Amino acid sequence: MDFSYCLTKDVQLPVSIRISTLEGQSDTWRIKDKPLPDLYVTVQLFGDNKPLTVPVRTSYKAFKNHWSWNEWLTLPIKYCDLPASAQFAITVWKANGPRKVQPVGGTTLRVFGKHFTLRKGKQKLHLWPDREADGKQDTSTPSKIKTKDSDDMNKLEKLVKRYDCGDIRPVEWLDNLAFRQIEKIHKNASATLTELALYVDLPKFDFPVVFGEMEYTLPTPFITDDANNEPQQLVTAMNQPIHSSDAELLSINYSIILDPDLHRDNPVEAKHRRLVRSHRSGPLDRDLKPNPNIRDELNSIMSYPPTQTLTSEEKDLIWKFRFYLTRDKRALTKFLKCVVWTDSTEVRQAVDLLPLWVDIDVDDALELLGKEFQNRAVRSYAVNQLKKADDDDLLLYLLQLVQALKFEHYNDKGVDNDSSLERFLISRSYSNPVLGNYFHWYVMVECEDPAVHKMYAKVTYDYFNALMEVPRGYARREELRQQGTLIQTLSQLSKEIRLMKEGRAKKVEKLRSIIADPKGQLHSFPPLPLPLDPTKRVCGIIAEKSSVFNSNLQPLRLTFVCEDKSEYPIIFKTGDDLRQDQLVIQIILLMDKLMQKENLDLKLMPYKVLATGSEHGLMQFIPSMSLAAVLNEHQNNVLSFFRKHHPSSEPGNVYGIDPQVMETYIRSCAGYCVITYLLGVGDRHLDNLLLSPDGHLFHVDFGFILGRDPKPFPPPMKLCKEMIEAMGGANSPYYINFQQYCYTAFTTLRRNANLILNLFALMVDANIPDIKIEPDKAVLKVQEKFRLDLSEEAAISYFRGLISESVNALFPQIMETVHKWAQYWRR
C-alpha cells in the first residue's frame, strides 16, 4: 500500500475551482416556457471568518436548455498560503438589470475534508435558495445536508466520485453499461429535483495533499560569535539563581526571551554614530594617536581573519583612529567594514581616505572584490592594486576574478558601462595570449549558467571586440573559435564511445578508427593552442596512442602531437563537472608558489585541469601508477618499486635507492598531506594516490572536499603504514624529515590563510558541487583547518597529533580492504 502524500506548504500553485452545472427547479425565478435567465457565479475564499481573497466570477454566457458554465476560476492565493479553516463561499446570482442582481442561492464548501486532506474531484453542493454564501465557520449555508440513505442518486454520485479519483478499478465493458444506466437515473432525478444543486470540480493531484503549516525560523536571542563564547557564558550566567547563599530566600532564575528588535538599529546609537562620524570631527581625528593599550587592541583587530565579524565597539575604535591606520596595509578592509554604506556622509569620507592609504596586499584586494563591497570607488581601488601584479601571479587568481564579475553593477541585460574589473581583465587578456586563453574558457563555462548568462555573454562580446584592436587579434579570435569546435567534436565522440554496448576493446578500436580517418577532423588540423595548455600548439591526435579508461564514465585518453613534433597526453571527460577539480588544482598550485617563496620546494605535481563546460573538460595525463597497483606488484613494498627504477649502489646507502628519489617522495608526501588536510579532501584510497618512478606522489580525483567523505570516520589525512614504511619506518631519519616538512608547510600556509580564505569566498557562487551544499559555511570549514586561534608552537603540536591520528587510524585500513575487494570483483 502506498502512503505517499504531499503537504500544502510545498504546493506553490494558485487555488482553482471549475464551475460545472446548476441543476434543480425553482418557481421563484424560473418561468415555464420562457428563456433561461442570465446567471453567473462568484467564488470567494474565507478563513477564520475573514475573507482571504476578493470574489472571482464566471464570464457571461447565454443559456438555452440548462445552466452549464464548465469554466475554471483561479483565485489570487496559493495552496501553501491557505489556513486549515479555508472555505469556498460560492453564490449564484441572477441579473435582473443594470446593477440589479439578486442571489439565486449560496453554498459554503470547506477546502479541507477529513483528516485535513485537500478535497479533490467532482463535488455536489447544496444551494440555499435566495441566500448569499456567508463563508463563516458556523455557516448558515453548508454545502452538505443530511439526506436519507435510500437516496439512490446520492449513493451513485459518491461512487462515481470515487471512480474519478481512481479508488475503483475500471472495467471497460461494465463501466459502459453502468454509466449509461447512471445517466438515465440522473436525468429522471434532475427532472423531479425541487432543490438546487451546483456541481463543481476541484483539481486532482498525484498524491493526497495534507494541510501543512509553513514553518518560520525565529532569530536566536543572541548573535553567536565564533571568536569567543560570550553569548553562551551570558546565557549560563543569566540562568544562575540570584540568591545562591541564603537558603531562606527563594531561588530566582532569569528567563531568556526573544527580543524582536534585537537585530534592528537602535535609533539612539545610530544618531550617536552619525554625530561622532560627522565632518566636524574629521580635523580632530586626523591628529589622534592611540596609547599603548589601544594600539595593542588595534593590532589584535588587524589580525582577525576575513570572516570575523567586528563588534560595534571595534568599529567605532577603528573609525576613530582611521587616519592613524592609513599606514597599516592590513587595516583597510577592516576600516571599510566599519562604514555604513547607506550613509552618504560616511561613504564620502571613506572614499576620500582611500588615496591616503598605503598600498595593500593582493589578498586584501581580492577581499574588496567580494559581494560585501558594492561601492564602485572601493572596487576600482582594488582593481588598481591588482594592476601591480604580473601576469604569472594574475593567472593564479584569474578563476576567482572571473567569479568576482558577478558582483559588479550589471543590470538585467548584463550591461555595466563602468566595470573597472571587466576592463582590467580584458586589457590583460588581450595583451597576454596565455592569460586570454584561460580567461575565455572560464567565461564560456559561466555562460552556461542561466542566472548570469547575459552578463558573461556581454563580457565575451567585449573581449572579442577588444581582440580586434590588437595585432593578430583576428587570428587569435579564430583560434578560440577552432578550440570550441575541437571541444565539441571530442565531446560528441566521447558520448558516442560511452553509449556503445560492446566491450572496452571494441570501444578502443572504434575510437582509433575515428581518429585515424583522414577525412575526419581529429587526425590532422591546422595548428592551434591547446585549451588545457596554450603554450603548446597542437596539430593532430595520434590514433595508436589513444584509449578508453575502464571506469564508469569511460574518459578518453588522447595524445596530441604538437607543432614541434613533441607529444602531449591528456584525458578528456564527459558527464562529469571538473570545476571542483579545477579549483583544487588551482589552490594546490597557489600553495606551491607560496611555499616556494619561502624556499620550501615540496616537489608537488599540480597537473593541469580545465573545465570546458559544466559536463566536460580536459586533464593533463601524468605517466604514473596508482599506489594500490604499486603495492600489489611489489608485495606491499614501495621501496622495491623505487629500487627497480632508480637503484643506487653508493656506499652508505641503506635502501639502495637514489637519494634524490627518496627526497622527492618524502617532500611530496608532506606537501599533499598538509594540502589535502587543509582542503578537507575526502574519498582518499590507494587508487587515487599516484606514484611516479622518480618519487613524485600526488593525489587525483577531488570529488569530495571541505570535509565531505563517502566513507565513515575518515582520517585527517591519507597516511597509511605502507607510505611510512617507504620512508624507512617511523624511527628513520627520513620520517623525521617528513614531519619537519609538514610542520614548515603548515605554518607557512597559515601565514597566508587570508589569501586562501578570500579565494574561497569569491567561489561561493561558482556552482562548485561541495561548496554549493553549504555556501555560507564553505569558507569557515577551510578556516577551521588552519586553527588560527592557536599560536605557531601550539599549531605545530596540533598538527603532530593529526599525523599520529592518521597513521594509527584503524577504520580507514578496514575501509581500504573493503575497497580493494570491491575493485577486485568489479574487474
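This is a predicted model: local features need pLDDT of at least 70, side-chain atom pairs count only at pLDDT 80 or more; totals for chains, interfaces and linings use all residues.
Residues are numbered from 1 along each chain as its sequence is written, and side-chain values use heavy atoms, with hydrogens and water left out.

**View 1. Overview of the protein.** The protein holds 29 helices and 22 strands, where helices (H or I, at least four residues) and strands (E, at least two) are DSSP runs numbered from the N terminus. Of its 827 residues, 47% count as buried, a class that means under 20% relative accessible area, with exposed meaning over 50% and partly exposed the range in between (1.4 Å probe, protein chains only). Among contacts (heavy atoms within 4.5 Å) between residues at least 6 apart in sequence, 69% join residues at least 24 apart.

View 2. Rolling a probe the size of a water molecule over the atoms shows where empty space is left. A search of the whole structure finds 4 cavities of 30 Å³ or more, a cavity being a set of points, on a 1 Å grid over the protein atoms alone, where a 1.4 Å probe fits but cannot get out, and lining residues being those with an atom within 4 Å of a point. The largest cavity holds about 90 Å³ of space, a volume being the space filled by probe spheres set on the points, which are joined across faces, edges and corners. Its lining is made up of L399, V402, Q403, Y442, V445, E446, R579, Q582, A611, M763, A766 and I768, and the elements that give two or more residues to this lining are α13 (391-404), α15 (433-446) and α19 (579-597). By class, the lining divides into 8 nonpolar, 2 polar and 2 charged residues, where Ala, Val, Leu, Ile, Met, Phe, Trp, Tyr, Cys and Pro count as nonpolar, Asp, Glu, Lys and Arg as charged, and the others, Gly among them, as polar. Because domain 2 (287-407 + 419-474) and domain 4 (625-820) both give residues to the lining, the largest cavity lies between them; the domain bounds come from an automatic or database domain assignment.

View 3. R579, found in helix α19, is buried, with a relative accessible area of 11%. Its side chain is joined to that of D577 by a polar contact of 2.9 Å, a polar contact being a pair of N or O atoms within 3.5 Å, of which, within protein, one must be able to donate a hydrogen and the other to accept it, and for which residues adjacent in sequence count only if both atoms are side-chain atoms. Leaving aside neighbours within four places in sequence, R579 is in contact with V445, E446, A611, S614, A766, N767 and I768.

**View 4. The second largest cavity.** This cavity has a volume of about 50 Å³, and the residues that line it are V15, S16, Y79, F88, V111, L118, R119, L202, P203 and F205. They divide into 8 nonpolar, 1 polar and 1 charged.

View 5. H115 has a positive phi of about 60° although it is not a glycine, and H115 is exposed, with a relative accessible area of 72%. R787, likewise not a glycine, has a positive phi of about 50°; R787 is found in the loop between α27 (778-786) and α28 (792-808) and, at 24% relative accessibility, counts as partly exposed.

**View 6. T91 in its strand.** T91 belongs to strand β7 (residues 87-97) and is buried, with a relative accessible area of 3%. A polar atom of the T91 side chain lies 3.1 Å from the backbone nitrogen of A133. Beyond four places in sequence, the contacts of T91 include Y40, V41, T42, P103 and G105, as well as R131, E132 and A133.

**View 7. A726 in a loop between helices.** A726 lies in the loop between α23 (721-725) and α24 (733-751) and is buried, with a relative accessible area of 2%. Although A726 and Y665 are 61 residues apart in sequence, they are 8.8 Å apart in space, C-alpha to C-alpha. With neighbours within four places in sequence left aside, A726 is in contact with V638, L639, M662 and Y665.

How values were computed: On a 1 Å grid over the protein atoms alone, a cavity is a set of points where a 1.4 Å probe fits but cannot get out, and a pocket is an open set with protein on both sides within 12 Å along at least five of seven lines; lining residues have an atom within 4 Å of a point.
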